[in-house]
Structures are given as C-alpha cells and as structure tokens.
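Please find below a colleague's note on the model under review. It is arranged as numbered points, each of which may be checked against the coordinates.

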Amino acid sequence: MALLQISEPGQSPDPHQRRIAVGIDLGTTHSLVAAMRHGVAECLPDAQGRLLLPSVVRYLDGGHRLIGEAAREHQSDDPENTIVSVKRFMGRKHADIADAGRLPYRFVDQPGMVALDTRAGLKSPVEVSAEILATLRQRAEDSFDDELYGAVITVPAYFDDAQRQATKDAAELAGLNVLRLISEPTAAAVAYGLDNGSEGLYAVYDLGGGTFDISLLRLHQGVFEVVATGGDAALGGDDIDQVLGAWALSQAGGVAASPGDKRAALVAARAAKEVLSTAEQTVWSARIGGRPLSVPVTREQLEQVARPLVERTLASVRRVLRDARVQRSDVQGVVMVGGSTRMPLVRHAVRDLFGPDWAGQVLTNVNPDEVVALGAAVQANALAGNSRDGELLLLDVIPLSLGLETMGGLVERVVERNTTIPEAKAQDFTTFKDGQTAMAIHVVQGERDLVADCRSLARFELRGIPPMAAGAARIRVTFQVDADGLLSVAARELGSGVEASVVVKPSYGLADEQIARMLKDGFTHAAEDMSTRKLREARVEAERMVLATRAALQADGELLSADERAAVEALVRATEQAAGLTDADAVDAAVKALADGTEPFAARRMNQGIRQALAGRRLEEV
C-alpha cells in the first residue's frame with residue numbers, strides 16, 4: 001500500500017530538512033544577524049567571535065572596500081570615504097537630511113534619493129547598506145556552512161514606504177531572499193513575549209543610533225498586535241553625540257572645521273557617552289585642528305545637553321498613548337530597545353513618565369542591542385516552515401497615512417495611520433470636468449492636508465473613461481498594503497471597467513545603467529569575497545593540522561626513527577610558513593603534503609592503539 005507524505009502548508013515535505021532562515025537587524029550604528037539554533041534564537045558571531053558588526057563601509061582605490069570594524073577605525077582620518085550611519089539616508093532626499101551641513105560627506109542630490117561622492121564614485125545609501133547586508137549574509141552562511149533560504153529584515157516602525165522599499169532593494173542587491181520586513185519594535189516584542197510568556201499591553205521604546213520608535217503592542221495567545229506607533233526617523237544616539245561633541249568643543253575653545261575634525265569630535269563624544277552610562281565622569285579627548293583637546297565631562301553635564309532630545313522622545317510616547325486611547329496605568333511594561341537606552345537618563349525619564357504609582361516596570365533583561373535581531377530570527381524560522389508551533393501572527397500597522405491628491409492640492413486620506421496590515425481599502429472618486437476621459441492619480445503619504453507637505457510616492461493615469469458630465473463617473477481607487485508595509489494602488493471606472501494600477505516603488509534616481517553597474521559590482525566583489533573565504537578556510541585547516549601533528553609527536557614520537565621525525569617536523573614548519581601566504585592553493589598544497597607525509601605515522605599510532613586495547617583479552621571476548 002502506498003503511503004502519502006503529508007506536511008503542513010509552507011513546510012518542507014521532508015520532515016528532516018530544515019530551511020536556514022535568519023533575522024537581520026540593519027542598524028544605524030551596528031547590525032546583527034541571528035538564527036534559531038536548537039530551538040533558541042541566538043546572534044551569530046564572526047570569525048573573531050564578535051556579534052556586533054559596525055554599520056560602516058570605507059571605500060578604497062581600485063574598487064576595494066572595508067566593512068565593519070576595519071572601516072570604523074578610519075572614520076576620523078578618511079571621513080569622506082568612510083560612510084557611517086547610512087541608514088539615516090535611506091530613501092531620503094538631500095532636503096530631508098537636517099544635519100547635512102554638519103556631516104563630513106560630499107552629498108550629491110539626485111532625483112528620489114541622495115547619493116554620496118566617494119573615491120569609488122557615487123554610492124547610493126542602498127548600495128552602502130547592501131555591503132553591510134552581504135557581510136551579514138556571508139557570516140550566516142559560514143556559520144551554517146550552507147546557503148540561506150531567506151531573511152526577515154527589521155526596519156524602524158516610522159520608516160515610510162520609500163525607506164522600506166530602499167531597505168528591501170538593498171537586501172535583494174546583497175543576494176538575500178526577503179521573507180518579510182517587520183518593524184523593530186514588533187521584533188522586540190516577539191523576543192520578549194516568547195521569553196517571558198507575558199500577555200497584556202506593552203510599550204516598546206526603541207532609541208537606536210539614528211532613529212526613535214515608540215510602539216504600543218498587545219500580546220495575547222501568540223498574537224502580537226500593534227495598537228499604535230510613532231517616533232522620529234531622524235532622532236537617535238547620533239544626535240546625542242552631536243550635541244555632546246559641540247558642547248565639548250565650546251568648552252575647549254576649539255572649532256571642527258575639516259571633515260576629519262568633525263568626525264573626531266563625534267567619535268570622542270560617543271566614547272564618552274558610553275563610559276558615562278556606568279561611570280560618573282570621564283574625559284572627552286580628540287585631536288582637533290592638529291592639536292589634542294581634552295575636556296572633563298560628568299554624567300550630569302551629559303544629561304543636561306541630552307535632556308531636550310530625550311524630552312522629544314517622551315512627547316512621542318504621550319502622542320502614541322493618546323492615539324491608542326489608553327491610560328498610562330494600562331501599560332504593563334516598557335521594553336527598552338537600542339544601545340542608547342543604556343543611558344541612566346533615558347531609563348529614569350521613561351520610568352518617571354508613567355508616574356510614581358505605576359505598577360508596571362521598565363524591562364531591560366534582554367540585551368538591547370540584540371533583542372531586535374533575536375525577534376526577527378524567531379519570525380524568520382516560522383516563515384521558513386521550521387516552527388512546529390506554526391507561524392506567529394504579527395499584526396503590524398502602517399506608520400503614516402496614505403492618500404490621494406485631490407483638486408486644489410489637497411490630500412484625501414484613504415488608509416489612516418496605525419491601520420493594521422496587511423490591509424485593502426477602497427474609496428470612490430469622480431471627474432471634475434464635463435467630458436473628462438482621463439484622471440491623473442497622485443499617491444502621497446503623510447499626515448498634512450496639503451500635498452506639498454506630504455511625501456510623493458507615485459503617479460499614474462487612468463485613461464479611457466467614457467465622456468460624461470462632471471461628477472457622473474465613479475472611479476474606485478483601491479489601496480493594498482502588504483505585510484511588509486509596501487503599497488500597490490489600482491483605479492477602476494465602474495461603468496466601463498477600464499482600469500490602471502501601480503506598484504508603488506519609489507524611484508531612487510538610479511538609471512538602468514546604474515542598476516546594471518551595481519549588480520556587476522556585486523558579482524565582482526562576490527568573487528573577491530569567495531577568494532578571501534577560501535584563503536581563510538585554508539589557513540584554519542593548516543593551523544588545525546599543525547596542532548594535531550605536534551600533539552601526536554609529543555604523545556607517540558617514539559614510534560618514528562630520528563630521520564622520520566625530522567622529516568615530519570620539516571613538513572610542520574613548511575605548513576606553518578605556508579599559512580602566512582596569500583595564495584590559498586599554496587596553503588592547501590602544504591596541508592596535503594603534511595597529511596600525506598604523516599600517513600605512515602598515523603597508521604602506526606592506530607596499530608599501537610589497537611594492540612593496547614586488545615592486550616590481555618581472549619579471542620572469544622573480542
């Protein structure tokens with residue numbers, strides 16, 4: 001009798017086959033990749049055991065680049081080509097970057113999204129982010145020694161459609177299959193909800209390097225429902241570094257004129273801020289204008305300059321509570337996310353906001369740097385079909401309202417902010433003039449009433465409308481927002497059936513030639529990365545063989561004659577020398593020579609082990 005192999009929807013028919021899916025927190029300051037291992041979400045380290053990857057890319061001559069720690073070391077001496085906090089520029093125009101004049105980069109304003117002029121040419125934020133994501137993808141593939149099935153990537157809750165689409169494009173450019181984009185606060189809630197088994201109403205306060213999010217979520221029986229969200233996509237720990245660096249310079253009587261001076265002041269400010277999270281005082285120290293400057297800084301002084309920024313975050317918290325129509329006492333806990341929440345000022349301010357009689361608590365028991373990536377890993381594992389408990393239900397919301405331009409440059413909102421997604425919503429419109437046979441449809445995003453004050457997302461035309469008197473035609477416009485928060489819009493004239501639609505994919509000013517070049521560059525660097533990986537793997541194998549051979553010589557060297565031992569030791573020295581070469585094939589050849597040369601020795605050791613194991617035993621016992 002034939003048996004049927006039955007599997008759950010979305011799961012592999014082979015019950016023993018596990019798809020490798022990861023969660024990625026693409027952060028302003030640091031980025032991480034996490035995955036489920038043995039039923040537990042954990043962040044994946046690099047070859048040196050580091051979990052955090054600095055979100056820094058440095059472009060060198062000849063098309064080469066450094067990523068992560070190696071790049072961050074040069075942010076002061078090569079600031080124009082070392083891109084830091086690129087997340088703040090994703091999907092943004094030059095006019096959207098409030099502090100562009102204080103940054104050390106050469107910005108080039110292009111249609112759709114700003115670009116940065118580096119020694120490697122113009123680089124869009126999408127390209128820079130793709131470098132970081134590709135590094136994390138490679139780390140994950142090295143950890144599992146296999147290719148990835150896909151990734152869940154987190155974005156700030158307050159990222160608009162352009163920023164979300166830019167993130168998705170960067171991931172695809174990095175060779176990642178994007179399973180879903182989820183909001184960072186939602187990911188944090190997943191991590192906390194599963195870890196603590198808690199239910200109820202929670203606020204997620206996420207103060208990262210470049211963005212601030214506040215989300216109110218209700219956790220109940222595996223359902224994570226975002227009730228309301230708010231924040232500021234241009235406020236984060238970087239801004240605290242800016243004000244502290246400016247204060248220190250004013251105290252020292254210095255002026256950061258060059259790009260290198262500006263970056264040095266910020267680096268020193270960040271280091272001082274991090275120390276003051278645990279210490280009462282430290283010294284801000286930087287080399288400005290070719291001379292060293294030092295300023296003593298106390299925690300109280302840091303809190304004085306940072307307090308206005310923290311107050312801005314608290315105003316967003318109050319606004320979200322009003323949007324959700326809940327009292328502060330209804331909130332059971334506040335989950336603290338992002339490295340900047342380590343500041344005592346931030347934790348005390350959040351606690352004080354809820355009042356002295358508040359029965360809830362500020363939750364800090366999961367590493368604020370890792371919690372977003374861990375939650376994303378849980379969701380990625382479920383979307384890959386690996387979770388026996390089924391997919392978690394994440395009910396996210398859109399951060400900003402979506403609508404259309406109407407006559408007079410006004411906005412008619414169709415999908416209100418904080419609407420749960422995925423969502424589809426339709427609204428009927430009509431013609432303005434007699435005999436009108438076409439309608440221009442302009443899709444915008446924002447909370448303002450004038451189109452000029454909102455962000456333009458897309459334009460398309462509906463043609464073929466039968467000539468009718470003004471107001472007689474019925475044109476139904478449908479907005480569909482998917483689980484990633486990305487939008488498609490369709491328009492249909494109900495009488496004739498003519499229709500038009502657009503998938504809202506914001507233009508970043510990238511021509512087809514530029515996209516082709518980006519893909520070509522990706523392939524070029526992929527070959528370079530493969531070569532680097534091959535060399536590192538060969539060196540690791542060489543080191544392993546050398547250590548194993550030396551241990552064997554120490555334990556059983558008497559099995560070899562003097563000449564044989566000298567020959568083996570010569571092979572060991574040759575392998576050690578080869579490990580210092582940059583030619584992977586040469587290293588592999590030395591390892592093979594050592595393996596071949598020690599094969600007789602290995603056979604003698606095995607025979608000796610067998611004889612010792614059988615000594616004193618009768619044949620029938622064996």
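1. Basis of the note. This is a predicted model, in which local features need pLDDT of at least 70 and side-chain atom pairs count only at pLDDT 80 or more, whereas totals for chains, interfaces and linings use all residues. Residues are numbered from 1 along each chain as its sequence is written, and side-chain values use heavy atoms, with hydrogens and water left out.

2. Overall make-up. The chain holds 13 helices and 29 strands; these are DSSP runs numbered from the N terminus, with helices (H or I) of at least four residues and strands (E) of at least two. Of its 622 residues, 50% count as buried. Buried means under 20% relative accessible area, exposed means over 50%, and partly exposed lies in between (1.4 Å probe, protein chains only). Among contacts between residues at least 6 apart in sequence, 67% join residues at least 24 apart, a contact being heavy atoms within 4.5 Å.

3. Helices H2 and H3. Axes are lines fitted to C-alpha atoms, for helices over the stretch in contact, and angles run from 0 to 180 degrees between N-to-C directions. Angles under 35 degrees count as roughly parallel, over 145 as roughly antiparallel, 65 to 115 as roughly perpendicular and the rest as oblique. H2 passes H3 in a right-handed crossing; a crossing is right-handed if the near helix is turned clockwise from the far one by less than a right angle, and left-handed if anticlockwise. Val126, Glu127, Ser129, Ala130 and Leu133 of H2 make the contact with Ala166, Asp169, Ala170, Ala171 and Leu173 of H3.

4. Helices H5 and H7. For helix H5 (residues 237–252) and helix H7 (residues 299–324), the packing angle is about 135 degrees and the axes are 9 Å apart. This makes H5 oblique to H7. The crossing of H5 and H7 is right-handed. On the H5 side, Asp239, Ile240, Val243, Leu244 and Trp247 meet Gln301, Leu302, Val305, Ala306 and Leu309 in H7.

5. Aromatic pairs. How many aromatic pairs does a search of the whole structure find? The search finds five. Rings of Phe, Tyr and Trp (its six-membered ring) pair if their centres lie within 6.5 Å; planes under 30 degrees apart count as stacked, over 60 as edge-to-face and the rest as tilted. One of the pairs, Phe89 with Phe107, is edge-to-face, at 5.3 Å centre to centre and 85 degrees between the planes. The pair links distant parts of the chain, 18 residues apart: Phe89 is in the loop between strand E7 (82–84) and strand E8 (107–108), and Phe107 is in strand E8. Phe89 is buried, at a relative accessible area of 3%, and Phe107 is buried at 16%. Phe354 and Trp358 form a stacked pair, at 4.5 Å centre to centre and 25 degrees between the planes. Both Phe354 and Trp358 are buried. Phe89, Tyr105 and Phe107 form one aromatic cluster.

6. Charges over rings. Arg37 lies over the face of Phe144, at 5.0 Å from the ring centre. Lys87 lies over the face of Phe159, at 6.0 Å from the ring centre. The criterion is that NZ of Lys or CZ of Arg is within 6 Å of the ring centre and within 35 degrees of the ring normal.

7. Positive phi values. Most residues other than glycine have a negative phi. His38 has a phi near 55 degrees, a positive value, and is found in the loop between strand E2 (30–37) and strand E3 (40–43). Ser85 also has a positive phi, near 55 degrees, and lies in the loop between E7 and E8. Is each of these residues buried or exposed? His38 is exposed, with a relative accessible area of 83%, whereas Ser85 is buried at 7%.

8. Thr406, in strand E21 (residues 402–406), is partly exposed, with a relative accessible area of 27%. Leaving aside neighbours within four places in sequence, Thr406 is in contact with Val411, Glu412 and Phe429. Thr406 and Ala440 are 34 residues apart in sequence and 9.8 Å apart in space, C-alpha to C-alpha. Met439, in strand E25 (residues 438–445), is buried, with a relative accessible area of 12%. Not counting residues up to four places away in sequence, Met439 touches Thr430, Thr431, Phe460, Glu461, Leu462, Ile465 and Ile475.
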